Amino acid sequence: MSDEGLVEAARLAGVPDQFQRLWTPHRMAYIQAGPQPLRDACPFCAAPEKSDEDGLIVHRGRSAYVLLNLFPYNSGHLLVCPYRHIGQYDEASAEEVAEIGALTQTGMRVLREVSRCDGFNIGMNQGAVAGAGVDEHLHQHIVPRWSADANFFPIIARTKALPQLLGEVRRAVAEAWPTV
C-alpha cells in the first residue's frame, strides 16, 4: 500500500478527530423500545425476586434495596428502590424515606471507594412527563461522575464512557458494601 492510501484511510469514519465518541451500545435496546416499556411487569418489583446477580442487586435493606441501572448513564449508575410498588415520593412511608436516604449515602461512599468518582448526580424523576422511564415505581438515581466523564452532552464534551461490564461493577459494589 502506498503512503497515499494511508492518508486516504485517515478520512474514513472511526478515525480519531476532534470529537471522542461515546459508544454505549447497551442503551440501544432502551432507545429502540421508544415509548413502549421493555417489560410486561414492573422491573423494580421483579428484581428482588431474582438472585442478586440476575437482578443486578448490590444490597437488600428492610424496606428498600439498591441495584445497578440496566441502562446506565455512567458505570456504577445505581438505583435505590422501595420494595413497595409506589410511584411518587410523597407516597413513601417515613421508614422508606429514611432507608432510601441512608442507602443513597452508603451508595455514594461505596462508589467513591470502588470507582474513585469525583461527584454525583442524585435525583428522582417523578412521572413520565418528568422523564421517569419507570414512572410507576419510585426509584432514586445515583450517577457517579468524574471530572472529564460523559456528561449529558457527550459529543459536545468530547468524552468517553467507562468500559466496565455490569456484572463486574455489580460484584465490586456489592463486595465493598458494608455489612451491618
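The model is predicted, so local features need pLDDT of at least 70 and side-chain atom pairs pLDDT 80 or more, while totals for chains, interfaces and linings use all residues. Residues are numbered from 1 along each chain as its sequence is written, and side-chain values use heavy atoms, without hydrogens and water.

Thr-104 belongs to helix α5; helices (H or I, at least four residues) and strands (E, at least two) are DSSP runs, numbered from the N terminus. With 5% relative accessibility, Thr-104 counts as buried. Buried means under 20% relative accessible area, exposed over 50%, and partly exposed in between (1.4 Å probe, protein chains only). Setting aside residues up to four places away in sequence, Thr-104 touches Val-80, Ile-122, Gln-140 and Ile-142, where contact means heavy atoms within 4.5 Å.

Other buried residues of α5 include Ile-100, Leu-103 and Leu-111. The partners of the buried residues in this helix include β3 (78-82), β5 (140-145) and α7 (166-176).

Now consider Arg-62, in the loop between β1 and β2. Is Arg-62 buried or exposed? Its relative accessibility is 72%, so Arg-62 counts as exposed. Beyond its neighbours within four places in sequence, Arg-62 is in contact with Tyr-83, Glu-95 and Glu-99.
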